[in-house]
Amino acid sequence: GYDKVCAINAKDSYSAKGYAAFFDAAYNDFNIDIEKSVEINENPTDEEVATALIQIERGLCRVVFVMSQAGAAGIVIRNAVDKGIMGPTSGYLWVLADAISGNVPGVQATAEDPTSDVALATGSLASVLK
């Protein structure tokens with residue numbers, strides 16, 4: 001099973017509370033170690049997210065929990081797909097918060113970059129978010 005998780009959480013109050021609940025449950029209820037935790041701004045830049053993803057990769061875990069609002073998540077998703085660590089062949093399992101899965105249009109607004117050559121690697125954001 002999975003006993004190590006990496007996490008990305010935004011600095012807004014919704015994300016902080018959700019991450020705290022996740023951390024408590026993971027550690028106390030399921031004996032899961034948070035191998036690496038990275039905090040990003042509520043409205044992160046691509047550079048900030050790229051740095052966070054490098055730290056996640058160095059965490060040597062294959063499960064990544066993201067706790068953020070939809071806008072920040074879109075930037076994380078776009079950068080993770082561009083980096084090859086999100087998608088059906090990436091070898092990573094991503095766990096997304098309800099603010100993300102419940103607001104696909106909001107995530108898409110920041111995830112789709114018309115200047116990107118990757119085109120979300122799998123063909124569409126919807127296929128990544130399924």
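I began with valine 95, which is partly exposed at a relative accessible area of 35%; by the cut-offs I used, buried means under 20% relative accessible area, exposed means over 50%, and partly exposed lies in between, with a 1.4 Å probe and protein chains only. I placed valine 95 in strand E4, residues 93-96, where helices (H or I, at least four residues) and strands (E, at least two) are DSSP runs numbered from the N terminus. I then found that Tyr2, Leu93 and Val95 form a nonpolar patch on the surface, with about 290 Å² of accessible area together. For such a patch I took residues with over 30% relative accessible area and no salt bridge, joining nonpolar side chains (Val, Leu, Ile, Met, Phe, Trp, Tyr) within 5 Å and like charges within 9 Å.

**What I am reading from**

I note that this is a predicted model, in which local features need pLDDT of at least 70 and side-chain atom pairs count only at pLDDT 80 or more, while totals for chains, interfaces and linings use all residues. I number residues from 1 along each chain as its sequence is written, and side-chain values use heavy atoms, with hydrogens and water left out.

**The chain as a whole**

I counted six helices and four strands, and reading along the sequence I noted the pattern β-α-β-α-β-α-β-α-α-α. Buried residues make up 42% of the 130 residues in the chain. I looked up the accessible surface, which comes to about 6,800 Å², with 50% of it belonging to carbon and sulfur atoms; these areas come from the Shrake-Rupley method with a 1.4 Å probe, and for residues only the protein chains shown count as cover. Taking contact to mean heavy atoms within 4.5 Å, I found that residues 24 or more positions apart account for 78% of the contacts with a separation of 6 or more.

**The nonpolar core**

Of its 37 residues, Ile8, Ile40, Leu53, Val64, Val76, Trp94 and Ile100 touch the most other members. Among the elements that give two or more residues to this core I noted strand E1 (4-10), helix H1 (13-29), strand E2 (33-40) and helix H5 (104-111). The largest share, eight residues, comes from H3.

Not counting residues up to four places away in sequence, isoleucine 8 touches Val38, Ile40, Leu53, Ile56, Val64, Phe65, Val66, Met67, Val76 and Trp94. I also noted that the C-alpha atoms of isoleucine 8 and lysine 36, which are 28 residues apart along the chain, are separated by 8.6 Å. With the same exclusion of sequence neighbours, leucine 53 touches Ile8, Val76, Asn79, Ala80, Lys83, Ile85 and Trp94.

**Asparagine 9**

I checked asparagine 9, which also lies in strand E1, and found it buried, with a relative accessible area of 5%. Leaving aside neighbours within four places in sequence, asparagine 9 is in contact with Tyr19, Ser37, Val38, Glu39, Ile40 and Met67.

**The disulfide**

I searched for pairs of cysteine sulfur atoms within 2.5 Å, the rule for a disulfide, and the count came to one. This disulfide joins cysteine 6 to cysteine 61, with an S to S distance of 1.8 Å. The pair links distant parts of the chain, cysteine 6 being in strand E1 and cysteine 61 in the loop between H2 and E3, 55 residues apart. Cysteine 6 is buried at a relative accessible area of 0%, and cysteine 61 is buried at 3%.

**The salt bridges**

I searched the whole structure and found two salt bridges, each being a side-chain nitrogen of Lys or Arg within 4 Å of a carboxyl oxygen of Asp or Glu. In one, the side chains of arginine 78 and aspartate 46 meet at 2.7 Å, N to O; this pair links distant parts of the chain, with arginine 78 in helix H3 and aspartate 46 in helix H2, 32 residues apart. Arginine 78 counts as buried at 9% relative accessibility, whereas aspartate 46 counts as partly exposed at 31%.

The side chains of lysine 83 and glutamate 57 also meet in a salt bridge, at 3.1 Å, N to O. Lysine 83 lies in helix H3 and glutamate 57 in helix H2, so I noted that this pair ties together parts that are 26 residues apart in sequence. Lysine 83 is partly exposed, with a relative accessible area of 36%, and glutamate 57 counts as partly exposed at 28% relative accessibility.

Methods:
Core = buried A, V, L, I, M, F, W, Y, C linked by side-chain atoms within 4.5 Å.
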